[in-house]
Amino acid sequence: MNIPYGKQDIDDSDLEAVISTLKSDWLTQGPLVGDFEKAISKKCGAQYACATNSATSALHIACLALGLRKGDTLWTSPNTFVASANCAIYCNAKVDFVDIDPATFNICTNALEKKLIEAERENNLPKAIVPVHFGGLSCDMEHIYRLSEKYGFKIIEDASHAIGSTYKDYPVGSCKFSDITIFSFHPVKIITTGEGGMALTNNEELASRLESFRTHGITRDSQSMIGESEGPWFYQQINLGFNYRITDIQAALGLSQHKRLDEFVKRRNELAKRYKKEFQNLEIRFQEVSTDNVSAYHLFVINLLNAEDIKNRKNIFTSLRDAGIGANVHYIPVHYHPFYKSLGFSKGDFPISEKYYDSAISLPMFPGLKEEDQDFVIENIKNLIN
């Protein structure tokens with residue numbers, strides 16, 4: 001057995017799309033990048049999209065577009081990949097965290113509100129907050145948006161796990177309750193471009209900034225230039241940007257993949273439903289998905305509830321791996337990492353995230369997971385957990 005925790009699903013139409021692009025006149029920054037942006041923005045109901053070479057890059061330019069700088073603070077969840085926090089450090093800003101809800105594994109809106117009240121009292125409110133849609137489940141964005149109106153912070157949805165998800169009948173990515181939404185197209189995500197990301201927004205000015213920061217800070221638009229254009233060849237660098245561009249090759253794959261987005265999400269939900277049914281009598285907990293949400297189920301995480309199982313998690317994990325089951329753990333709390341400890345964070349700062357981490361195991365979850373392979377995973381979990 002060799003069952004990974006996540007895997008891309010590539011079919012003949014994907015291969016044909018990439019091969020066709022390789023035979024074309026454009027490999028980088030051709031027409032397919034714009035086509036891919038339009039397809040995703042239309043699918044999600046957002047007005048603008050900016051494709052990048054990774055979600056990390058998209059998070060970085062989202063912070064820059066919102067004006068995050070030295071002296072500012074960004075808050076996010078400890079239960080995430082480090083990129084959700086690193087994007088602030090890239091801008092010389094500070095980072096802090098808000099603990100998670102034990103039921104959803106997402107940022108806890110009650111803890112957020114309490115922290116905002118204290119921050120206002122201390123005149124130390126955040127410039128931006130990055131709610132992370134862990135595992136494909138949207139955070140309570142309407143509540144967070146209402147808090148942003150009261151306390152004046154900007155919102156970047158880290159929806160790296162969540163393309164294809166919905167929140168209160170709105171597609172994640174619509175930016176209904178945020179300034180910018182970020183997607184990831186890494187191979188283990190819902191759809192893939194190999195490596196890649198995207199930032200979506202409904203704000204034209206933010207869209208222009210995102211595009212500028214993605215491409216060296218360079219413009220060819222004469223109306224955006226300082227002074228007069230010298231001719232059709234002319235361009236200007238108007239700010240310090242980066243080479244965060246995606247290629248036409250990647251965009252071709254993304255365009256092809258996005259046609260099966262609904263199919264992928266449906267299959268992931270079927271697999272999740274089957275896991276839950278088979279595990280209903282075990283002492284484990286699943287991420288709680290409310291009836292007004294649809295999760296894309298990028299991850300399927302079980303939380304061990306039995307004290308002996310929690311103590312024995314490492315042995316359970318290694319037994320799964322020894323059986324050829326690619327179990328994983330998402331995530332080591334960001335504040336546990338040495339870099340963040342050097343910034344003053346320590347164990348005990350965010351106890352709910354820490355308790356979650358101590359008992360979490362991610363099980364295989366991808367559209368191509370066969371029922372017999374899922375049965376094998378289920379059988380092993382049942383044998384290993386009290």
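Guide: Welcome! Helices are DSSP runs of H or I with at least four residues, and they are numbered from the N terminus. Keep in mind that this model is predicted.

Visitor: Where is the place of Ile10?

Guide: Ile10 belongs to the segment before α1 (12-22). Its relative accessible area is 40%, so Ile10 is partly exposed. Together with Leu15 and Ile19, Ile10 makes a nonpolar surface patch of about 250 Å².

Visitor: How is a pair of aromatic rings described?

Guide: Two things are given: the distance of the centres and the angle of the planes. This structure holds 21 aromatic pairs. Take Phe105 and Tyr356: their ring centres are 4.8 Å apart and the planes stand at 45 degrees, so this pair is tilted.

Visitor: Which parts does the pair of Phe105 and Tyr356 tie together?

Guide: Phe105 is in the loop between β3 (94-97) and α5 (109-121), while Tyr356 is in helix α13 (residues 351-358), so the parts joined are 251 residues apart in sequence. Phe105 is buried, at 1% relative accessible area, and Tyr356 is buried too, at 4%.

Visitor: What angle lies between the planes of Tyr167 and Phe177?

Guide: That angle is 90 degrees, and the pair is edge-to-face, with 5.8 Å centre to centre. Tyr167 lies in strand β6 (residues 166-167) and Phe177 in the loop between β7 (170-171) and β8 (180-184), 10 residues apart. Both Tyr167 and Phe177 are buried.

Visitor: Which residues do ring pairs link into a cluster?

Guide: The cluster joins Phe81, Phe105, Phe134, Tyr331 and Tyr356.

Visitor: Where does the charged end of Lys115 sit?

Guide: It sits over the ring of Trp75, 5.4 Å from the ring's centre. Arg313, in turn, lies over the face of Tyr357, 4.9 Å from the ring centre.

Methods
Residues numbered from 1 in each chain as written. Predicted model: local features only at pLDDT ≥ 70, side-chain atom pairs only at ≥ 80, totals over all residues. Heavy atoms only, no water. Patch = residues over 30% accessible without salt bridge, like charges linked within 9 Å, V, L, I, M, F, W, Y side chains within 5 Å. Areas by Shrake-Rupley, 256 points an atom, 1.4 Å probe, with all protein chains shown as cover. Salt bridge = Lys/Arg side-chain N within 4 Å of Asp/Glu carboxyl O. Helix = DSSP H or I, 4+ residues; strand = E, 2+ residues; numbered from the N terminus. Buried < 20%, exposed > 50% of the residue type's maximum accessible area, 1.4 Å probe, protein only. Phe/Tyr/Trp six-rings, centres within 6.5 Å; stacked < 30°, edge-to-face > 60°. Lys NZ or Arg CZ within 6 Å of the ring centre and 35° of its normal.
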